[in-house]
Amino acid sequence: MASSGSGQQLPPYNPYRHLKTLRGHESAVSCVKFSNDGNLLASASLDKTVILWSSSTLTLLRRLVGHSEGISDLSWSSDSHYICSASDDRTLRIWDARSPTGECVKTLRGHSDVVFCANFNPQSNLIVSGSFDETIRIWEVKTGKCLKVIRGHTLPVTSVSFNRDGSLIVSASHDGSCKIWDTEGTCLKTVIDDKAPAVSFTKFSPNGKFILIATLDNTLRLCNYSIGKFLKVYTGHLNKVYCITSTFSVTNGKYIVSGSEDHCVYLWDLQAKTMIQKLEGHTDTVISVSCHPSENKIASGALQNDRTVRIWRRFRSKNVVFGSKSVDPKESQFFDEDGAVDDMDGYMNYLSLEYDSVWDTKPSWCQPWTITLTGVLVIAFSWLILHSVLATGVVVFLIGLWWYIFLYSYPKAYADMIAERRKRVSNGVEDTFGLRETR
């Protein structure tokens with residue numbers, strides 16, 4: 001068991017595990033962001049759309065359509081009512097996330113090239129954006145007017161973000177610089193100006209005292225910008241080409257989370273700088289990650305060869321700290337006081353509602369491709385060993401029957417069962433026996 005700097009015993013690290021894969025985009029996923037109230041998850045894509053998902057049921061709620069080119073970045077307003085998208089069509093759009101039709105309430109025009117990044121300020125009355133036109137623009141949300149154009153970079157702007165009180169802006173650029181600005185456009189400090197490598201991402205820490213900086217040399221650094229000192233360096237991931245986002249996880253311990261070009265999600269202990277977990281499953285560069293504001297969930301999105309959003313979750317460990325409360329009250333009903341599963345059937349039924357496909361519940365060695373490959377190998381070896389058309393024909397028949405059952409019949413029955421059970425769910429609890437009255 002680990003110990004803190006004060007000597008206090010800490011519980012062992014409880015790893016994240018894959019919860020569900022969300023499929024809905026037709027091209028590379030470019031950005032994923034949980035809303036600030038934790039109720040929604042937004043994903044943007046080069047397919048020109050934004051998808052809003054329920055973060056509790058992980059189902060698709062609505063699709064926001066309007067951009068004429070791919071979308072690179074998203075930002076939520078503080079009250080989670082609006083979402084801003086930055087697009088290759090040189091515009092930003094502000095959407096009403098609560099509108100059933102996904103209404104676009106404003107389109108911000110002014111950039112002369114791809115809009116690559118955007119963020120609301122904490123008060124949600126301003127939006128800052130960065131573009132391949134090498135400028136930073138500050139927009140008034142109410143009117144949609146551009147209040148300020150900041151020309152302080154000599155190559156595309158890759159990242160812009162406000163601090164916790166909205167008084168400062170941090171920007172990063174392919175020109176190798178990272179700069180701090182006030183909202184009037186005055187450059188207060190140049191944190192990095194190395195020309196190379198490019199600075200691909202930056203953001204303020206939750207307390208506003210530090211900035212996290214990513215550079216295209218496989219490095220993340222935590223900087224105390226007030227004194228210009230780098231405090232921590234995080235390495236082990238791969239990042240030399242893409243502007244991959246990273247973030248802070250603070251719901252249960254303090255961690256740095258980042259995507260990677262080796263198709264994985266990496267987690268580091270913020271203080272110790274050690275890489276504590278690598279999440280595998282995506283099949284292309286993980287370009288964006290987002291941590292749920294109150295639950296132990298991570299969302300990750302990947303590029304063209306993958307096109308999915310994956311949800312990762314820390315399930316309750318059997319080793320618990322006595323006197324602590326369960327992270328999820330709905331789950332606690334299945335555990336005894338020692339943290340062990342007391343009602344396994346009930347717990348598995350509860351978890352099963354989180355999956356659309358039966359294959360999401362199976363390990364990597366029990367997937368359609370492994371079943372297909374095994375069948376083909378059995379047929380091939382039966383012919384090579386027996387050299388009998390009759391015997392091989394019987395094997396082909398049996399393998400075909402096996403394929404039909406496990407690749408079609410069983411997955412279809414599972415999907416139908418989950419769809420039927422979800423109809424009986426009310427307020428997150430399944431009405432298994434149909435006892436509730438329909439009003």
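# Close-up views of the predicted model

**View 1. On the face of helix H3 turned away from its buried side sit the exposed residues Trp 369 and Leu 384.** Here, exposed means over 50% relative accessible area, buried means under 20%, and partly exposed is anything in between, with a 1.4 Å probe and protein chains only. This is a predicted model, where local features need pLDDT of at least 70 and side-chain atom pairs count only at pLDDT 80 or more, while totals for chains, interfaces and linings use all residues. Residues are numbered from 1 along each chain as its sequence is written, and side-chain values use heavy atoms, with hydrogens and water left out. Helices (H or I, at least four residues) and strands (E, at least two) are DSSP runs, numbered from the N terminus.

View 2. H3 takes in residues 368-386, 19 residues in total, and reaches 27 Å from its first C-alpha to its last. That is close to the 27 Å expected at 1.5 Å a residue; the expected span is 1.5 Å times one less than the number of residues. Which residues of H3 are buried? They are Thr 370, Ile 371, Gly 375, Ile 379 and Ser 382. Looking down the axis of H3, these buried residues fall within an arc of 170°, so they line one face of the helix. The arc is taken from the directions that run from the helix axis to the C-beta atoms.

**View 3. Four strands make an open sheet in the order E2-E3-E4-E5, with antiparallel pairing.** Two strands pair if DSSP finds at least two bridges between them. Strand E2 (29-34) and strand E5 (60-65) stand at the edges with a single partner strand each, so one side of each has no neighbour in the sheet. On average, neighbouring strands of this sheet are turned by 20° against each other, direction ignored. The axes behind that angle are lines fitted to C-alpha atoms (for helices, over the stretch in contact), and angles run from 0 to 180 degrees between N-to-C directions. Zoom in on strand E3 (residues 40-45) and strand E4 (residues 49-54), and you'll find five bridges joining this antiparallel pair. Ala 44 stands opposite Val 50 in E4.

**View 4. Strand E19 (residues 211-215) has five of its five residues buried, so it is largely enclosed by the rest of the structure.** Both faces of E19 are covered: Ile 211, Ile 213 and Thr 215 are buried on one side, Leu 212 and Ala 214 on the other. E19 runs antiparallel to E18, joined by five bridges, and Ile 211 in E19 is the bridge partner of Phe 204. These two strands form a hairpin with six residues between them, and Gly 208 in the turn has a positive phi of about 80°. Five bridges also join E19 to E20, again antiparallel. Ile 213 has Arg 221 in E20 as its bridge partner. The charged end of Arg 221 sits over the ring of Phe 230, 4.5 Å from its centre. To count, NZ of Lys or CZ of Arg must be within 6 Å of the ring centre and within 35 degrees of the ring normal.

**View 5. The structure holds seven aromatic pairs, including Phe 204 with Tyr 225.** Rings of Phe, Tyr and Trp (its six-membered ring) pair if their centres lie within 6.5 Å; planes under 30 degrees apart count as stacked, over 60 as edge-to-face and the rest as tilted. Phe 204 and Tyr 225 are edge-to-face, at 5.5 Å centre to centre and 80° between the planes. Phe 204 is in strand E18 (residues 199-204) and Tyr 225 is in the loop between strand E20 (219-224) and strand E21 (229-234), so this pair links distant parts of the chain, 21 residues apart. Phe 204 is buried at a relative accessible area of 5%, and Tyr 225 counts as buried at 14%.

**View 6. Tyr 234 and Trp 268 form a tilted aromatic pair.** Their rings are 6.1 Å apart centre to centre, with 55° between the planes. Tyr 234 lies in strand E21 and Trp 268 in strand E24 (residues 264-269), so the pair ties together parts that are 34 residues apart in sequence. Tyr 234 is buried, at 0% relative accessibility, and Trp 268 is buried at 0% as well. Ring pairs link Tyr 234, Tyr 266 and Trp 268 into a cluster.
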